[in-house]
Amino acid sequence: MKKTSYTLLVFILIFNLVGCGQQNMPVDESVLEADWEAITENVKGTTVNFYGWGGSERTNRWIDEYLKKRIQEEYHITLNRVPMDIDNILSKLLGEKQQNVEKGTIDIVWINGENFYTAKNNELLYGPFTEKLPNFNDYIDQDSVEVKTDFGFPIDGYEAPYGKAQFALVYDQERLDQAPKNHLELLEMAKDNPGKFTYPAPPDFTGSAFVRNVIYDIVGSEQFMDMEPNQEIVREAVQPAMDFLKRLKPYLWNQGKTYPATIAQLDNMYADNEVFNTMTYHPYAVAGRIATGTFSSGSQIFLFDKGTIGNTHFLAIPQNAPNKAGALAVINFILSPEAQASKYDPENWGDLSVLSFDQLSIEEKKRFEAIKIGEGVLPIEELLSHRVPEMPADLIPIIEDIWSENILKGE
Amino acid sequence: MKRIKKSGYTLLMNTIIFILGFPLIVLVIWSFTKRWPWPCMFPKAFGIRSFQYMISPGSNTLQVLIGSIWLSIVVTLITLLISIPAARALGIYHFKGKKLFKMAILAPIIVPPVATGMGIHVAFIKMGLVNTFMGVVLVHLIPCLPYGVRILTNTFEITGKSMEMQAKVLGASGLQAFFYITLPLIAPGLMAASSLVFIVSFSQYFLTFLIGGGNVITFSMMMFPYIQSGDRMMASAYSLVFVLTIFVLLIVMEKIVKRYYKTHNHFYI
């Protein structure tokens, strides 16, 4: 809602000011034409501003304590992390574009999904730049669907993968004997423990993913990949899943009359023993939560047998980035096996690596294998073998509407 | 009878203090709490992760805190500079449309900052004020001025201009009358206004974001993501520092003003 109103406001302002100055921003191609040695030579002593969500202390700490230090050593670049929500970043970039500000302040943006779609369609991003990065060419599987598309939208080299997320459910072994393996077992579990399961109400990112996972579990995922974003077609396809969620509703927390609004609330309810389950998009972060003592030591992630949704988060460079060469150098370093392994370590962040394991050397593989994945999580092979692709971004709001009509407001 | 009245008063005061103070106690407990599950009366495990992160040099928390205090002090001083003459005019003089002006002064509080913020952003880009300290100071004045002007208007309405006129009758110049008579008289009002303005500026989030563009980072910008993401330990620790900073600064300010003017709340409040 907030996002929609911001975007609307921005557009109203754009139309207001269309007459004021319509020049195309000069595209700075010089960086992309230079060779890599020249780029890394020129970035010494510069500053790179890295904008992104700042709500996780562990993520912030990885950037502040590991990345900043290594970037300084490797390229003599000062990395400056700015905590800013993607909504604010986009409205800032749109505002600047409208005024033809050629030199903005943002060098790197942490982005994915519909936000990338908005940014690329509004020509806010610089590129295509990924083929310029040596580590992208060396370690990343260029043909993978997850590298070529972001929520079904073609990337065309305008963003480089940063890390991988995968949906997983969490249960407390001390309070539940067994984790459900599919939606029917989930219903049984809820019936046995009424009021002890719930999910965040879509459009919460994770709650929405839970609903999509249930849909996949009941009607399969293939049909959605090229489905037309039409309310009627989608409604018909997801109807069996909506019927199931209706059956589940009376056994939810507070009889399904209300839902936690955000995943943060559900996590806190789980930590407070109010419910037996929570869910996450960052399966390895659960090990971190157990280590910091936020979650009980009996916490364990589990997946549905038919798989859970995985998606990738990315890094992009704005069209008006003041230090594009520096941004390229930093992104290249983030794609190195060293940085990805450090990020993968649940002691640090616990974010899944984006590198193609087959393209790593033996030493580099060992680096990954040496990492202990921590308590309460599943081995990486198990996660990846249960990974199903994300739906196209334009279907998601339609499904969220259908959910709110049928489940939230329905009887 | 009198004793009962007195003890009733004490009870009431203590209840109010408890109601105001209790959330702070919870905040202190949570900032050291790892896990506090139902039905435990007390937290299960304590830790200092939040404060460890805050004092780690990589997190920049201390620098940002000092920067925010400096920003809010600058905003407070400028607000007072603008508010004193404006409030004097509204409080003492009689002119046509005075009521309208008094209402219009409150407009920035009534209109949501998102609505005006986007327009201001565009204007500031044209003027080259975005992403600068000065731009953020200017944009903070918008929500701060109504408080400054309104509080000081009431102060001037009470003090009136008779004392100032008396001084002038006795031969003081305009400046002398202002510095020796008016300023000490309105000192309690100034204190109230500056405290409130400081708090308003210190808690600004959206406007700082929009105009500062990440070049100017304030403490509330660091704190807010933790509150949103539900990390109660970090959120409580940051909130605690936030509240304590304001508290300490207000006490220091009050001490300084009181010493300088040797003034007490003599005739009102």
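Modeller: Among contacts in chain A between residues at least 6 apart in sequence, 84% join residues at least 24 apart; two residues are in contact if their C-beta atoms, placed from the backbone, lie within 7 Å. This is a predicted model, in which local features need pLDDT of at least 70, side-chain atom pairs count only at pLDDT 80 or more, and totals for chains, interfaces and linings use all residues. Residues are numbered from 1 along each chain as its sequence is written, while chains are lettered from A and ligands numbered from 1 in the order in which they are written.

Helices (H or I, at least four residues) and strands (E, at least two) are DSSP runs, numbered from the N terminus. A residue is buried if 20 or more other C-beta atoms lie within 10 Å of its own, exposed if 12 or fewer, and partly exposed in between, with C-beta atoms placed from the backbone. In a regular strand the side chains alternate between the two faces of the sheet. Here Ala168(A), Val170(A) and Asp172(A) are buried on one side, and Leu169(A) and Tyr171(A) are buried on the other.

Strand 7 of chain A also has partners, where two strands pair if DSSP finds at least two bridges between them. Four bridges link strand 7 of chain A to strand 8 of chain A (residues 277-280), and the two run antiparallel. Strand 9 of chain A (residues 299-302) is likewise antiparallel to strand 7 of chain A and joined to it by four bridges. Leu169(A) illustrates both pairings: it stands opposite Met279(A) in strand 8 of chain A and opposite Phe302(A) in strand 9 of chain A.

The setting of the strand comes next. Chain A contains 18 helices and 11 strands. Its radius of gyration, taken over C-alpha atoms, is 22 Å, close to the 22 Å that the globule rule (2.2 Å times the number of residues to the power 0.38) gives for 411 residues, so chain A is as compact as a globular protein of that length. The C-alpha trace of chain A spans about 65 × 55 × 35 Å along its principal axes. Of the 411 residues in chain A, 49% are buried.

Domain bounds come from an automatic or database domain assignment. For chain A this gives domain 1 (43-163 + 312-373) and domain 2 (166-310 + 389-408). The C-alpha centres of these two domains of chain A are 28 Å apart. In the contact between them, 13 residues of domain 1 of chain A meet 11 residues of domain 2 of chain A. Helix 6 of chain A (residues 113-121) gives the most to the domain 1 side, with three residues.

Confidence deserves a final word. The predictor's confidence in each residue is pLDDT, from 0 to 100. Chain A averages 89, and 93% of its residues score at least 70. Over residues 13-27 of chain A, however, pLDDT stays under 50. Where pLDDT is low, the predicted coordinates should not be read in detail.
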